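Please consult the sequence and the structure while going through the points.

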Amino acid sequence: MNKLGRKLSLSISLAVIVIFSISILLTQYFLPKYYLHKTKERLEQVSNEIKKMDKTTFIHSKETIENKYGITIIYEPINSNVDELNEVVFSQLYKKRITLNKFWITEETLQKLAEGKKVNKIYDQGKLKSSFFASFMQRDDMLVLVGNSIVHFSDTAKIVNEFNLYMLLFSIILIIALVWILSKKITTPLKELKDVSKDISELKFETVHIKTNDEIEELANSINLMSDKLNKAHQDLKRKNVNLKIVMSDLTHELKTPLSLIKAYCVGIKDGLDDGTYIDTIIKQTDNISKVIEDLLNFSKIERDEIEKTTFDLIDLFHSCLVKHKIEIETKEIDVRISNSHLHQLFVWADKEKIEIVFNNLISNAIKYTEDHKIDIEFEDLEQEIVFQIKNGTNVQQIEKIEKIWEPFYVLEASRNKKASGTGLGLAIVKSILIRHHFKHGVSIFNNQIQFYICFQKNPFNH
Ligand SMILES: Nc1ncnc2c1ncn2[C@@H]1O[C@H](COP(=O)(O)OP(=O)(O)OP(=O)(O)O)[C@@H](O)[C@H]1O
Ligand SMILES: [Mg+2]
């Protein structure tokens with residue numbers, strides 16, 4: 001038997017043994033005494049009732065009392081001859097089908113009765129295994145006997161206890177059998193759970209199918225859920241790790257290239273080769289390094305920063321961001337079209353500074369990567385939210401991988417070699433901000449158009 005089964009059967013058996021032992025002890029020692037006490041109490045009650053009655057009432061109601069209490073009542077005028085009195089009482093008892101081996105009313109008893117005392121006697125009937133309990137009293141000149149036969153209870157108790165011992169033995173066998181079956185039912189799924197947990201600890205994210213309709217099934221479901229989530233988190237982490245490795249090598253490359261250029265130009269200046277442009281090149285390269293480092297710092301800062309929501313006009317904020325990119329738009333001759341331009345004052349509940357970062361990133365990306373010199377912007381005023389969309393032409397064909405552009409340092413192959421492509425942190429920052437706001441957002445490519453959307457929550461106090 002398994003450990004749980006052994007523990008269970010041991011403790012239940014112990015409890016049953018204790019209960020049976022108490023019951024055996026009570027039956028053996030306490031019950032006979034209690035039985036005697038109860039008989040005595042009953043006879044006493046009857047005696048007291050009789051005492052209160054006058055002679056005629058007593059004679060009339062004698063039979064009723066006998067039937068009511070299941071006892072025997074005998075009365076007889078006391079005469080001076082004890083032998084005669086005993087004989088008469090004995091024959092009266094015999095008539096009532098009470099045959100006694102041993103019964104004798106002594107003179108001493110009569111003496112006490114004459115003094116008005118009550119006398120109780122138990123006549124042990126020897127081999128008959130019973131006793132006769134008699135309560136005597138004197139009423140006027142009459143001897144009144146209130147009696148009851150009692151069986152020798154300790155003998156009966158012995159038999160009952162013998163039977164109890166067999167019952168105890170049977171109960172223990174039954175308990176062991178039941179516990180064995182039950183513990184097997186409990187431990188089999190538990191063993192499965194143990195195996196799965198061990199697998200999970202070794203990063204093998206298995207699930208288990210247990211149908212027990214109890215807490216074990218609930219535990220199994222929770223472990224399955226945990227396994228699934230851990231698996232996803234693990235896969236995610238693995239992917240991020242791979243990305244990070246790629247990025248690290250990109251980053252080193254990105255930092256190394258300007259650094260070697262700076263070094264080469266510095267050596268050039270030292271050797272007197274400067275044609276007047278060397279310093280500018282060095283400044284440009286240090287700017288590049290600064291931009292990469294600044295982006296990284298910003299990204300980690302935004303991840304840590306608290307979100308401080310206020311109510312502000314989304315349209316107003318968007319236009320102020322767009323104005324900042326006016327020169328680039330004009331230089332690249334981009335046509336920016338805003339539909340629903342009649343809409344104004346669309347209030348949202350968000351962190352204004354962070355949403356400004358979001359708009360700046362999306363606008364600058366659209367300007368940097370548009371292939372058709374067009375950017376389409378749309379605001380939609382819904383009941384609970386404001387939907388913002390920004391679209392531009394693209395040659396990107398990796399539609400199935402498009403979700404990846406939200407990942408840090410991820411740069412689409414098409415733009416990797418282009419001068420325009422940055423560190424690949426812009427959209428990761430955007431995503432982080434939107435997730436922390438719980439704003440739905442997404443990206444899709446359709447008909448050579450890349451489209452980003454965000455659902456901004458409206459000011460909750462306006463509802
Ligand atoms: N509007 C867009 N049109 C086409 N491609 C885009 C657009 N926005 C983003 N991408 C692609 O997604 C990649 C990731 O964009 P993200 O803004 O995160 O980085 P980045 O612009 O390269 O660098 P950073 O924003 O950090 O300067 C870009 O390199 C580009 O390939
Ligand atoms: Mg960008």
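How many Å apart do the C-alpha centres of domain 1 and domain 2 lie?

1. Basis of the note. This is a predicted model, in which local features need pLDDT of at least 70 and side-chain atom pairs count only at pLDDT 80 or more, while totals for chains, interfaces and linings use all residues. Residues are numbered from 1 along each chain as its sequence is written, chains are lettered from A and ligands numbered from 1 in the order in which they are written, and side-chain values use heavy atoms, with hydrogens and water left out.

2. Domains. The C-alpha centres of domain 1 and domain 2 are 104 Å apart. Domain 1 covers 3–155 and domain 2 covers 305–462; such bounds come from an automatic or database domain assignment.

3. Ile 338. This residue belongs to strand E6 (residues 335–339); helices (H or I, at least four residues) and strands (E, at least two) are DSSP runs, numbered from the N terminus. Ile 338 counts as partly exposed because its relative accessibility is 24%, where buried means under 20% relative accessible area, exposed over 50%, and partly exposed in between (1.4 Å probe, protein chains only). Leaving aside residues up to four places away in sequence, Ile 338 touches Phe 318, His 319, Leu 322 and Ile 377, a contact being heavy atoms within 4.5 Å.

4. Helix packing. Helix H10 (residues 352–369) packs against helix H12 (residues 426–437) at an angle of about 145°, and their axes are 9 Å apart. Axes are lines fitted to C-alpha atoms, for helices over the stretch in contact, and angles run from 0 to 180 degrees between N-to-C directions. Among the residues making this contact are Ile 355 and Val 358 of H10, and Ile 429 and Ile 433 of H12.

5. Salt bridges. The count comes to 17 salt bridges, each being a side-chain nitrogen of Lys or Arg within 4 Å of a carboxyl oxygen of Asp or Glu. In one of them, Asp 295 pairs with Lys 291, with the closest N and O atoms 2.7 Å apart. Both residues lie in helix H7 (residues 278–304), 4 residues apart, about one turn of the helix. Asp 295 is buried, at 17% relative accessible area, whereas Lys 291 is partly exposed, at 46%.

6. A network. Lys 301, Asp 305, Asp 351 and Lys 354 are linked by salt bridges into a network. Within it, the closest N and O atoms of Lys 354 and Asp 351 are 3.5 Å apart. Lys 354 is buried at 7%, and Asp 351 is buried at 5%.
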